[in-house]
Amino acid sequence: MKIEFTIPGKAVAKQSFRYTKDGNKYTDKEVKSYANWVRLCFQGAVPAHLPSVFFGKPLKITIRAVFEVPKSYSNYKRAKCLLGEIRPTVKPDTDNISKNIKDALNGIAYPDDKQVVSETIEKYYGESPFTAVCIEEIGS
């Protein structure tokens, strides 16, 4: 089984907990709202999906994060970006993008992200930002 969906907008990385002055932990609002957005995009793409379909099965996740080309780039450099000859080396880090998406899909796409045994994540430039996600069962 293979599931593909797209998350419009700029990818947001998972961050460590932050602390208030009195020592309480909290998660940044932007990170929480992006996780909710990931869930909504998944449920919109695959409305009748049950996570139990993947119960106990090894999974592979492929993530392609596309970032908008900076406006300060020349037309020449912009063209190279759109051809994939120049790739984004800016934040957010790929591992933190992946962590946020995998955590958001826990219990919705699959029972637990510990089932993900293989992952590929790449960053590219494009006309508008989005993230494409593909989840597939290994060995099917």
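F5 and F42 are both buried, where buried means under 20% relative accessible area, exposed over 50% and partly exposed in between, with a 1.4 Å probe and protein chains only. The model is predicted: local features need pLDDT of at least 70, side-chain atom pairs count only at pLDDT 80 or more, and totals for chains, interfaces and linings use all residues. Residues are numbered from 1 along each chain as its sequence is written, and side-chain values use heavy atoms, with hydrogens and water left out.

**Aromatic pairs**

The structure holds two aromatic pairs. Rings of Phe, Tyr and Trp (its six-membered ring) pair if their centres lie within 6.5 Å; planes under 30 degrees apart count as stacked, over 60 as edge-to-face and the rest as tilted.

| Pair | Centre to centre | Angle between planes | Type |
|---|---|---|---|
| F5 and F42 | 5.3 Å | 80° | edge-to-face |
| Y73 and Y125 | 6.2 Å | 75° | edge-to-face |

F5 lies in strand β1 (residues 2–8) and F42 in helix α1 (residues 29–45), so their pair ties together parts that are 37 residues apart in sequence. Helices (H or I, at least four residues) and strands (E, at least two) are DSSP runs, numbered from the N terminus. Y73 lies in the loop between β4 (59–68) and α2 (75–82), and Y125 in strand β5 (residues 116–126), so this pair ties together parts that are 52 residues apart in sequence. Y73 counts as partly exposed because its relative accessibility is 22%, whereas Y125 is buried, at 9%.

**Charges over a ring**

The ring of Y124 has the charged end of R64 over it, 3.8 Å from the ring centre. R87 also lies over the face of Y124, at 3.9 Å from the ring centre. A charge sits over a ring if NZ of Lys or CZ of Arg is within 6 Å of the ring centre and within 35 degrees of the ring normal.

**The nonpolar core**

The largest nonpolar core has 32 residues, of which F5, I7, F42, I101, L105, V133 and I135 touch the most other members. Such a core is a set of buried Ala, Val, Leu, Ile, Met, Phe, Trp, Tyr and Cys residues joined through side-chain atoms within 4.5 Å. Two or more residues each come from β1, α1, β4, α3 (94–104), β5 and β6 (130–137). Helix α1 gives the most, with six residues.

L105 touches F5, V38, F42, Y110 and I135, not counting residues up to four places away in sequence; contact means heavy atoms within 4.5 Å. In α3, the buried residues are I97, S98, N100, I101, K102 and A104. Their cover includes β1, α1, β4, β5 and β6.
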